[in-house]
Structure formats: C-alpha cells, structure tokens
Amino acid sequence: MKLFFTVNGERRDLELDTRTTLLDALREHLHLTGSKKGCDHGQCGACTVMVGGRRINACLTLAVMHQGDEITTIEGLGSPDKLHPMQAAFVKHDGYQCGYCTPGQICSSVAVLEEIKAGIPSHVTADLNARPGLTADEIRERMSGNICRCGAYSNIVDAITEVAEQQA
Amino acid sequence: MKPFTYERATSPAEAAAAAARRPGAKFIAGGTNLLDLMKLQIETPAHLIDVNGLALDKLEPTPEGGLRIGALVRNTDLAADQRVRRDYGVLSRALLAGASGQLRNKATTAGNLLQRTRCPYFYDTNQPCNKRQPGSGCSALGGFSRQLAVVGHSEACIATNPSDMAVALRALDAVVETVKPDGTTRGIPIAEFHRLPGDTPHIETALEPGEFITAVTLPPPAGGRHVYRKVRDRASYAFALVSVAAVVQRDGTGRVALGGVAHRPWRVEAAEAEVPRGARAAMAAILANARPTHENAFKVTLAERALHAVLAEARG
Amino acid sequence: MKFDTPATTNPIDQLKVVGQPVDRIDGRLKTTGQAPYAYEHNDAVRDHAYGYVVGAAIAKGRITGMDLRAARAAPGVLAVVTAENAGALGKGRMNTARLLAGPEVDHYHQAVAVVVAETFEQARDAAQMVQVSYAGAEGAFDLAAARDLAEKVDQSASATGDFEGAFATAPVQLDATYTTPDQSHAMMEPHASIAAWDGDRLVVWTSNQMIEWGAGDLARTLNMPREKVRLISPFIGGGFGGKLFLRTDAVMAALGSRAARRPVKVALQRPLMINNTTHRPATIQRIRIGTGRDGRIVAIGHESWSGDQPGGGPETAVDQTRLLYTGANRLTQLRLAVLDLPEGNAMRAPGEAPGLMALEIAMDEMAEKLGMDPVEFRVINDTQVDPNDTSRPFSRRQLVECLRTGAEQFGWSRRSARPGQAREGSWLLGMGVAAAFRNNLVMTSGARVRLDGRGEVTVETDMTDIGTGSYTIIAQTAAEMMGVTIDKVTVRLGDSSFPASAGSGGQWGANSSTAGVYAACVKLRNAVARKLGFNSADAVFEDGQVRAGNRSVTLAEAAGGEGMVAEDAIEFGELSKRFQQSTFGAHFVEVGVDAATGEVRIRRMLAVCAAGRILNPKTARSQVIGAMTMGVGGALMEELAVDTRRGFFVNHDLAAYEVPVHADIPHQEVIFLDEVDPMSSPMKAKGVGELGLCGVAAAIANAIYNATGVRVRDYPITLDKHLDRLPELA
C-alpha cells in the first residue's frame, strides 16, 4: 500500500505491507534506527516517537494509519554535533547506560514537559482541578512507560528536571 | 500477523456496514491492544476498518445534563477534560491509573472498553484457552492464577477484564451507544455491556457482529467524592491486582465497583446498602460469592482493605 | 604483561584523566540514536532477509513430526531451517541446553525452526504456519518438590571447625529458610544477530558480552574453524549475564543465512526470550547462625538448593558466606536438582545476589534476637582475614567503614529498633541495612594501541560496553598512559578481530580490560622511548609530548607518518590466591508500607561502596544506582512464575514479568570510599557493577520488617505475603 508521511520535517513516500508497524517502517524501511524495538508489544517504551506532537509507542500502530502525519523521532531532535537540550542533559547526568531505551526516554521526556505545560493531569496529581506541578514525582509517574533495565532512572529524572528548570 | 486488507471508514454507519459485509473484519482505532494480539495471532482479522478519521473525538454535554464521550476520544484527552475532572473525577483517576502516557495518547474510549484479558495463558498460543480457542480448556485454572478472577468466573474461564476506565464507567452508570450494520442505533447500559464468562468466555460483550460503538454517555453528575484506588505490585504501568472505584456521598452512601477481580467490572448494586456500615460489611456483600484460587485468595482481603482506605479518603 | 607483584606507583596514579567523572565518550551517539546495535547494521549489510524463530510448544519430549509445507509455500519465504536440515551441529562449551531442538526438546520455547523470508512481516506470518507435533514427556519443574532429590555439589562446599557441634551449643541460634525465585535478565535489547557468509567465512553482528566465548562457541556449534568466524558487537543494549553466551539468535541467523544464501537478521521476539534463553535460578536457602550472648558468631552455616537442566550447574548462593563474617565453625553446601525448566545460568552477581538476599535477612533476624543494632552486629563480626584460612588476608576490606559511613549519612540513628513504630499518614515506615559483598575476579585481557602521525591514539580490544562505560574508562586509561587528552583517543570495541579481552561479566570487566590497555600502553611507551633513544624509565608522557631530561618530542613526531602500534595483554598471577580480593559495601533503605493495602514503596536509598580505585565516578555511580534499581525489582516484584504442570515460565513478557519503572525508584545516593587496591591490577581498581546489587533486596526486606513487624522470607515481598498480618484497620 502506498502512503506518505513527514518524518523529522521531510516528506517520505513509501509502499508498505499493511502489516508494517510505524516502528518497522522507520527502522527497516527508512533506516531511522534510533527508535528501538524492545518488546514490540507496548510494554517497554523504547519505540517512543512523537506523532502530531504527541508521544506514542511506534510498535503498536500501523504505518498505513499515519498517512499525512507529522512524525518526530530521536533523529529529529538533535544530532551528535548539535544535541537537543534534553540529549545534552542526558549526557551530562549520565541518564543512560546501555543506551537502548535512551531515544525513547528522551522523546518521552520532551513530550512529558509539554504535557505538564499543557496542564494534563497524571496519576500523582493531587488535585485534579489544579494545574499539575513540575515535581520529581510527576516526572517519575509520567516517565513510567519507559522502562530502563540498566536502572538510570534517578539520573534521568535529574536530567529532565534540569531541562525543565532551564525552560521555566 | 496474518495478511489483511485495509480501508479507512467514512462514517460510523458505513463502518458497521463494511464490517458486516467483510468476513473477518475488525475495526481499528488506537490499535494498542488489537495489534498486540495480532502479532501473536490471537486476533487474525482479514480486513481492518480504520475508524480514526471519523469525527467521534468530541466531548459534548447531553440535554439531560450529562456528558457524551465520542468513541474516539483518546484516554489522555478524556482524563484531562475539565468537565470530567470536575464532575466525574473517578473516571479521570481511573484513566490516569492505567497504562502509560504513550498508550493513553493512542487508546480510545471504545477501544479501552473492548480490550481483552491479560491472562498469560490467553496470551500464549501454545496453551489451551477457552477464550482464545473455545473448547480447548482453561490452563489458568490450577495454573498461575495470582492475577485472575475471584468472583463471577466459571469452570471455563477465570480471566479478568484489565480495564481501569470500565470500572469507573460502571460506578458512573454509563451507557454505551452503538450503531448496527443495518443503521439502527441503541444504548447499552454498562452493566450489560461486559459479560461473565459462563460457557462462552470468547464472547465478551453484548455487541452484535459488526455493531460499532459511537459514544459513551454519562448521566448527570452524581456529586459526592470520587475516588479510584488501584493496587498493584509496581507503582505504575501495571495492571491492577485489585482496584476500587467509588462515588461516596456525604451521608455515607455510595457506589462501589471493583476491577481486577472478575471477567467484567464488578459491581453489586444490592450490596451498596452496606457501604455506610463500612468496608468490611460492604465487601462481604460485594464479594459474597467469591471463589478465589489458592494463589489469589489475598484479593478478597485486599479488596476489603482497599475499600477501607477509599472510604476513609472519601470521608476525609 | 604479567601482574604478579603488588602494583607500585605508575602513570595511572597521576589521575589527570582516570578517576575523573568524564562524560561517556559514546554519549552523543547513544542520545541521538546513532549508536548501531546488533539489528541495525544497515550500512554494513545489504540485501538481507529476515528470520523468525519458532519455539517449542512443550517443555520436554520429542518432536514427532514437522509439516513445513504451508510455511515454505507462504509468500516471500526463502528457507525454513530445522534440526532435520541444519546439518550436524555441535554445542557451545558454555551452553547447557542445545540452541536448536530436535528431535528431543529440552525446554519450553527452545528453538525448533527459523523461517527466513524477504520481509519481517512475511517471516513472522510464515513462522506461525510451521506445524509441529510432539510426544510430551514427564519432566521435573518444581524445585521444592525436587529438593530431596538434589545432590551435593563440591563447588563452594566448605567446612571449617565443627559447625554442627558449635551451632548446637551456641547460646543464641537462628535456623531459618529463605527462598528466592527464578529471575529474568530482561535487558531492553532483545538477543539479535545479523549473519552474512562470504564463502566459508561467517560474519555475525550480534549483541554479546563475551566476544571470544561467543565466537568460539559459534564455531563449535556450526562445526567450523574458529578463525573463520568473526563476531562484531560494538553496542549492546544490556546483558546482565543474559548475553554472556552464544544464544540461538546468532545460530539461527547463521543457519538461515546459509540456507537462504543471503544475509539474515534475527531478533528474538520478546515473548519468546524468557523461556528460550537463560535465567537466574530459584533457590531454597537454609541459614544457621549461632552466636555467644555477646553477639560474636561462633557457627555459621549456609546451604542452598537450586535446579538446572541435566549437565547444568548450581546457583552458588553460599559463596559470600565463606568470607563475609567471622566465626570459627563454618559450613557451606550447595545441592543441585535436575529440572527441565529452561537453562539456569549467570545473572548479575550470580551467587552473591541471591545468597545475600537470604544471608542478610538472617543477619537482621539474628541482630534482633540478640537485641543488637544490625549495623553493630555486622561490625563486631567483621574479619580482616579469610575465616577459613586465617593466614590469608583480604587485600583491602572496608566493610566496617561502609557500614559506619552509611549509618551516619543515612540517619540510621533515627531508626526505631522495635518494628512497626514509625508512621506517616497511611504509611508505615521502616529502615533497613544490609552488607554488600562481591568477589573480585580478574581475567586475562588484551588490547592493541596505535599512535598515529597526528599524535592520536586508537585502542582496539574485543572488550564490550554493555552500558558499563567501557568505552570511556578505556579512553581514560589510554589518555592517562599516553599523556594526551581524552578527545585524542578513539576506542574500538567488540570485534573478534581485535585482541581478546576479559569481556563483560562477573564485574571483572572494568579492572581487567583497562589493565590490558595499560599493558599495551606500557609496551607502546617503551617502543616510543626506544625509538627516540630515551631511557624508557625516564620518559614522561604529558601534554601530547614525550620528554626525557631536557629533550621533548611531540607524540605526532614520535609516531611518524607510519605510526606505531603495540599489543599486549595483562595476565594475572598468584596475588589473588595470596590475598582474598573482594569488594564491599553497605546498603541503607527506607520504605513506606501502605497500612491498608500492604503496597511497598521505596523512599530513600543509599549505597556506600569500597571497591578499589573508581576509574570514573560518574559511570561507576550509574552502575551502582542501576544495580540498586535491579535490587528493588528483586525485593518487590521480580519472579518468573513457574507452571509446574506444564513446565514453563508463564509470565514471559515485559507486561507480566514486572521490573521497576520510574515511579518505583526514588533519588538514589552513592558514596565511594577512597580506596586503591594494589593487589588487584596496575589500575588498582576492582568492580562495582555487581556489588551494587548485592544486599539491596535484603536491605529492603529488613526495612519492610522494620515498618510492619511482619517477617517475610520468600522473595519477592509482594503485598499478599504480609497483608493478612498487617494491623487491623480502625
């Protein structure tokens, strides 16, 4: 099936099996391998990308469902020569070890700060009718869909907090 | 994943008609459960009808003073809606207790209602499972059943419904609106929407073939304190061992629905007269017919203690 | 270079680069998604096909028939490989169970076939069309039931003094049994490989911690000469012991590629991984401690039961008990039962991790019996010599300092000795402590170091970086030795065409591999000095120059247009026999237990470690916090659920096998005590990656007990294990 979407600002035309997930379209067809396949079942978050500005698991959506969509992957946030502030903060705080969950953690982090700004509540927001705060507990809860088996969580929260404070 | 053909639906009625026309057709919205199951060939649709383009992503007030939630409203948006947060807090809380931010961004209201059990034997196609393969037997009975049902189950199936949202909707007396392939519409009370397993655990809802969910309607706000308490092994991104959705009024009366204990959100209206007398009396009535396994007997105690905490929070 | 006398002052001691909290040199690649993992070598491999592994549907028995017609006829299918058509296969030296079943099936989800097709979607679909019929056989799947059949294992067995007699007459006694469950590594990157044949030569891009072992075992499995196999594994998405050995992804990719005459990619699908690969075996542990009224241990005994496939080995859960505490009368014994569950094998800190889960609860229980503070009880039972051979000292042992420092920093004095006393709202609060111990192992490790005409240094070794920071500490080592800044060092890892290294395992990687780089750098320095006519003892390598007396030459000039190269390996002598080398630590934890539901949430964590020289405090700290996180998993949630009827781990994906998420982990503190250990290597370092896990779960268990007053001896401590003993709700 023919389709197109925009990845990191660039229009990409593809002809794909209907069964191809967005994740496999990115990794195997566009060779954007920054988005990782950790479980392929929405259980780990390593494949997190942003579609239309919202973070999703790219493994649990079909490429054909994204005709015309705007997709941002880790490659679209920054490059080794020009790191996104969140990428730089992860390096500074050692917010990773093996690095496999890292692109997903970073995409999620960027989106989480936007979600808090937009006033979207979370499980740990004490008052549903108030704006959620930018606390470590809020960050931890919202980042919980991104598993890091190396256990860099404490450093990741430090990295996100630093970027949030820079933005504030 | 089996090969399938794919179309984008143009209207709810057309989607329902297409589903009736094409054997083996399924609707796909968020896809977060359906694709998971298709990869394992637990679901094998021959045709997918993508309903994401349908304009069913709005929340609007009903003439009665309630709220009509479009079938395609994403879980994130439903939880974040100011009216839901203010008037139906138990629903916001339930949604936010479920899955992850990424999944809630994709998962829809209708899809959440239709998600299937997380019983590990259902998920392993090498194992007998009456829900996946009717008549093959239930491996979970006598197997690893810690997560599974304690009430309302049968010899054929002890699976639980994994949804948090549905538990809150049950406490709120929601109605599921549908359109059938012939164009007729109906409203299914949430109490009748999910079925108990009985001898046919593969039939999970009251939906007829091709019937398409267009909205979920909430009655006017019931007032009271809204609490959703989800108990799980890890602090987030996990299915409930037990969850309690409660709407408790100032006079101590209230509604209570449980998640994680049965094949459907578990609510016993007749037992709610006991709520003012406290958690022990209420839960004894709600779980009067519980038949837990050795591994999940703790859920009965847990449900009572969780309700105790919920009632304390509602009073506080 | 032979290391057989204690290290003296050497260039590493300058600590200009080594010992500094340098950012990872591979950080920019990892954070931008540019680091290539096993499945992602699209630049190197073109025109590849996809393989999908079919796992056995039974735990034990025999394949009686396979119908491959539908799979072979499916769209895009290029080949289906099974034991029938794979040719004669050998078995890797490090593998217990075979990596391709047939006709016998040894465990659930053991590979029975690989289906190769043009696309991933086609391969996955066709894999489901492989029809296999089985004749199932009875198997043993229940450790508790097999306990009495377990046989004694000589490994780790020890007896000093008269344990039974001393224990029987000890004024204060503890005799308790603990259990730890089967656990899964659950690394984020699945086992994955791309195989490509060039004639009779095979190249495999893979994800493997031990390149030399992997290449050797792949050659052995395929019955081909070792020198015709090349393994490449520059980035590894986590291993924790699960990628120490050749696994079926590499074998299936190689076989699939040979059959399809195309390069083939294979990644194990997540729901297959847990039963297909290895796991940390469950244990049953009996611990007996006898003390005088003064709290001095007079008798300590530790026995452990575990199971494994026929020909497999035990979980060495009693090892630390030989060395951790004093006591004249000692007994350790392992027993091994044959089980037909998937292969048990090493997972992060094998032996000590589960062993300390039990021992350090026992120490807490004993302290309570004695009415002693748990820190003090451990302190008075410290030993500075091997208690089984008192002529053999520890090289460095700062367990007491770890405990004291931690107690001070953590506010241990605020802990109530009586359990169930502290409360905050609906939370019962408790604090717990445990000692950490992990032996220091050393392994031969080689490296090649080049100096080029620009004065830049390139290190090549088959060492791997599994998230540990190998790239960075190796660069730091080379920079320190050659007197250059770290940006002048390039590190190339994980290729079997490079000198064989220690690899990543047993927390020996950092110390051994940097010592190997040290050795190669010493050789290169000598060659440079010789070339310049310097006395190598006088030559100073600093600021990109080499100086002797008043002569100074840049490294670029010294190297000349052709550059210079040196290769060497560190080989360890008898020092580790003369001196007991171990790493030590103390874990302090505060938990909250929900008074209503029994849910446990960690509030504070501190680790104090004494582990030789810390080569990079930033990456070392990460190793420790990561291990502490895994310890939280082990304490609170991780358990492979065994279906003892059907013989498999039921919760075989990342939704059902829960590991900690962000919300489970508070801010974590780590303190490294100043330590250099000249007995360990010229680097004077030891390891921390496994030490950080040892004892964590017990500290949590003890904190839970302190909060609730309910002692749970069976891990994980899920709420159902104490719920019915929590206080009544008002």
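A salt bridge here is a side-chain nitrogen of Lys or Arg within 4 Å of a carboxyl oxygen of Asp or Glu. By that rule, chain C and chain A share six salt bridges. One of them joins the side chains of Lys265(C) and Glu28(A), at 2.5 Å from N to O.

The model is predicted: local features need pLDDT of at least 70, side-chain atom pairs count only at pLDDT 80 or more, and totals for chains, interfaces and linings use all residues. Residues are numbered from 1 along each chain as its sequence is written, chains are lettered from A and ligands numbered from 1 in the order in which they are written, and side-chain values use heavy atoms, with hydrogens and water left out.

Start with the interface between the two chains. Contact (heavy atoms within 4.5 Å) involves 62 residues of chain C and 55 residues of chain A. The size of an interface is often given as the accessible area lost when the parts come together. Buried area is taken that way, with a 1.4 Å probe and summed over both parts. For chain C and chain A the figure is about 4,700 Å², with 54% on carbon and sulfur atoms. On the chain C side, Thr31(C), Met188(C) and His662(C) lose the most area, together 19% of what that side buries.

Polar contacts are pairs of N or O atoms within 3.5 Å; within protein, one must be able to donate a hydrogen and the other to accept it, and residues adjacent in sequence count only if both atoms are side-chain atoms. Across this interface, 32 residue pairs qualify, both residues at pLDDT 80 or more. Helices and strands are DSSP runs, numbered from the N terminus: H or I of at least four residues, and E of at least two. Four helices of chain C give two or more residues each to the side touching chain A: H1 (27-31), H3 (120-127), H8 (270-276) and H16 (617-636). H16(C) gives the largest share, nine residues.

Domain 1 of chain A brings 15 residues into contact with 16 residues of domain 2. Between them they bury about 1,300 Å², and carbon and sulfur atoms give 58% of it. Arg55(A), Ile74(A) and Leu77(A) supply 42% of the area on the domain 1 side, more than any other three residues. Arg55(A) also meets Glu115(A) in a salt bridge, at 2.9 Å from N to O.

Chain C is divided into domain 1 (2-35 + 442-573) and domain 2 (391-440 + 581-725). Here the C-alpha centres are 34 Å apart. The contact takes 33 residues from domain 1 of chain C and 27 residues from domain 2 of chain C. The buried area is about 2,200 Å², 55% of it from carbon and sulfur atoms. In domain 1, Phe3(C), Gln507(C) and Asn511(C) lose the most area, together 29% of what that side buries. Three salt bridges are counted between the domains. In one salt bridge, the side chains of Lys684(C) and Asp13(C) meet at 2.8 Å, N to O. H12 (470-482), H13 (509-532) and strand S25 (564-572) of chain C each supply at least two residues of the domain 1 side. H13(C) gives the most, with five residues.

How values were computed:
Buried area is the accessible area (1.4 Å probe) that two parts lose on being put together, summed over both. Domain bounds come from an automatic or database domain assignment.
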